[in-house]
Amino acid sequence: MSAATPANPLAIDVRGVRRVYKSRPHPVVALDGIDLQVEPGELFGLLGPNGAGKTTLIKILTTLLLPSEGTARVFGFDVATQTRQLRRIMNMVAGGEQSGYGILTVREQLWMFSQFYGLGTREGWRRVDELIDAIGLDDQRHQRVSTLSTGERQKMNFARGLLNDPWIFFLDEPTLGLDVSAARSVRELVVEWKAAVPGRTILLTTHYMAEADELCERIAIVDHGRILAIGTPAELRRRVQRESIFRLELDRLEGGSRALARLPGVVSASTAADESNDRERQAVVVNLVLENDAALGGVVSALGGVGATIRALRKSEPTLEDVFVELVGRGFDDAEPPGDGDQRPNADQGLRTDHRPGTDARSVTGNRPGAGNRPGGDRTDGSDRLRADPASPDRRRPDPSSERVEEELV
Amino acid sequence: MAAWARRVAAGSAGSPAASAAWSRRQALATDLRTIVGRAYPRVRAMMRERSWMFFEILLPFLATSTFVFVYRAVHAPPEYVGFVVLGGAMTAFWLNVIWMMAGQLWWEKSQGNLELYFAAPMDVMAVLIGMAIGGLILSSSRAAVVLVVATVVYGVSFQVDQWLLLALVFGLTLAALYGLGMVLASLFLMWGREAFHLTQLLQEPVYFISGLNFPIGRLGFIGALAISLLPLAVGLDAMRQLAFARSDYPKGTPSPAIEALILVIMTVVSLALARWMLRTLERLARREGRLSVRWQ
């Protein structure tokens, strides 16, 4: 990361930011000492489950909330005291946004918002027309906002966010609720817009791991108001990839996968049950876990020695979800443990049950610790896995964006 | 998209710091454009949805007609028909103020517009003024139709000696009334989901103590109190005195000139109060999270 100077400030510089919502019976800690630096020109992702604190951080950076503690600057402007300046160079779009007035047409609505950013009357209309063309809403130009589909509406929101050509664009779950095609369209727009001019910066929050992986140059994984890890998607994946994982498709395998498991550098070898009996193709599929890539040479030599032909070879990468599970101890979609009094087992022990499905692979090495990143690694017997929950019941907080908590806010 | 993005960027300032450095003139122009921009949806709505003609012309006309028939039945002086027609016309503004000003910020919040307003670079007061001007245009057309139709149907004859003062009082009444609407907008936002109840609570009592359907002087002390507090009461009283100059107007209320002065004070105080409340509200909202909590 380059050194920031007063003349060339960081796009985002967050130091020790903590945000506490007043709530009954206990205050809700939405952000718990966040430090984050984003360079100008980056497409930075905040990845985390609902209630992780992503939206709270965006609200602070967009001047809608004050931090309870700490400082936050955007392109050098303090979010607490230099709101006017900051608001001139930023914009934001949230997923599921229903802003504006349904009685207006798309063109009229965008023009109205253009006036809030000081565009002249004619300039506003011209920019609105250009944006509508650029964003692919030409057919909806004169359609009332109230009649737009969710995807069209989000495209319009996206156009609204670009009206002032911001230097920094905050996107809070921008593809939330969109179908695959509309989500892809929005993602393409994000990338194209940013790439057109150096220095444009995007902070994207999402809980779609694939989206973060595809779009973001760097990602911070957030949970319970804390940043657990920051890095490029590749760096984050490497954090959990302790072994090299390959999938081999062979014409035959004399002696089965046990022979491979005994080779130097091979951690485990298993035959994939679903494809081992593929009589039509007469193929044997083997999942190999190696200590490192170099061990593959020995495997290839050994296979050649027994006359097996490799038809296909694919290296498996861990996903960001594997990273998240490794860091947090649960998946995005897994419910957190209930509070006191809940009847579920382990709830009072801070333990949780991970119900991630096992695989059909027949491992020759059995369960081993530290192999949670690979497909089916330590879950070959299909049993549930118990793990101490880093988020013990007293640390658990309700989602600050949920209605239940909102009702309790002062 | 890429071509568009490059073209736009080529014409803009070269760095974030340069883009953020606006002159006073630029900031003022943005506020003025915001006023126009926010008034725009109300004007478009008036032209696009014609159902208001039924609800906001025919229904108020019928309500006014009721009082006209009552006054005629009890042989009240003929100018009382004129008083109630003028009151019927002004009803449009009061309804607009409580339903489309006082409750508006709360509605904008629930729609998600409010946070976009606060995150934009203009003074949010400009949004409120834009709402007020849009509402004024919307209500003026309704008030004018009610006034013209009722005047023609019931044969009201106005006796105006001071047109200029009448126009001034009318303008000041609207300024003070919408100033009050801006204050209520911030108050209702603070009170959250009680906004609609408050609106309903205010509607009928204000009809009464503003004297929309009778001269406020008849209420004695309550009338004097209303004149000191409610722009609608003082404005309507002054307009009646000016529009029916040669009538036997009930004594006990100040002269139109004094009432015009009261309206000036009300306008200045309400605009200043609205601005202060909006800033306080924003500060509180940022501190307590209210702006970002859509349904609170």
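Let me start with a helix on a sheet: in chain A, helix α12 (residues 320-328) lies across β3, β9 and β10, running at about 40° to β9(A). That angle, like the others I give, runs from 0 to 180 degrees between N-to-C directions, with axes as lines fitted to C-alpha atoms, for helices over the stretch in contact. Helices here are DSSP runs of H or I with at least four residues, strands are runs of E with at least two, and both are numbered from the N terminus.

Before going further, a word on the source: this is a predicted model, in which local features need pLDDT of at least 70 and side-chain atom pairs count only at pLDDT 80 or more, while totals for chains, interfaces and linings use all residues. Residues are numbered from 1 along each chain as its sequence is written, and chains are lettered from A and ligands numbered from 1 in the order in which they are written.

Now the sheet itself. In chain A, 6 strands form an open sheet with mixed pairing, in the order β6-β7-β8-β3-β9-β10, where two strands pair if DSSP finds at least two bridges between them. At the edges sit β6 (90-94) and β10 (226-231) of chain A, each pairing on one side only, and neighbouring strands are turned by 15° against each other on average, direction ignored. Within the sheet, β7 (residues 168-172) and β8 (residues 201-206) of chain A run parallel and are joined by 5 bridges; D172(A), for instance, has T205(A) in β8(A) as its bridge partner. Helix α1 (residues 54-61) of chain A also packs on the sheet, touching β3 (43-47), β7, β8 and β9 (218-223), and its direction makes about 150° with that of β8(A). Contact, throughout this talk, means that C-beta atoms placed from the backbone lie within 7 Å.

For chain A overall, the secondary structure comes to 13 helices and 17 strands, and buried residues make up 46% of its 410 residues. A residue is buried if 20 or more other C-beta atoms, placed from the backbone, lie within 10 Å of its own, exposed if 12 or fewer, and partly exposed in between. Why does T271(A) count as buried? Because T271(A) has 22 C-beta neighbours inside 10 Å; this residue lies in strand β12 (residues 266-271) of chain A.

Turning to chain B, helices α9 (residues 163-191) and α12 (residues 231-243) pack at an angle of about 170°, with their axes 9 Å apart. The two helices α9(B) and α12(B) are therefore roughly antiparallel, a label for angles over 145 degrees, whereas under 35 is roughly parallel, 65 to 115 roughly perpendicular and the rest oblique. The residues of this contact between α9(B) and α12(B) divide into 14 nonpolar, 2 polar and no charged. Here Ala, Val, Leu, Ile, Met, Phe, Trp, Tyr, Cys and Pro count as nonpolar, Asp, Glu, Lys and Arg as charged, and the others, Gly among them, as polar.

Where the chains meet, the contact takes 47 residues from chain A and 45 residues from chain B. The side of chain A that touches chain B divides into 25 nonpolar, 9 polar and 13 charged residues.

Finally, the largest nonpolar core has 169 residues, and those with the most contacts inside it are L61(A), V74(A), L203(A), M101(B) and L128(B). Such a core is a set of buried Ala, Val, Leu, Ile, Met, Phe, Trp, Tyr and Cys residues joined through C-beta atoms within 7 Å. Its largest share, 16 residues, comes from helix α5 (residues 79-102) of chain B.

Conventions. Contact = placed C-beta atoms within 7 Å.
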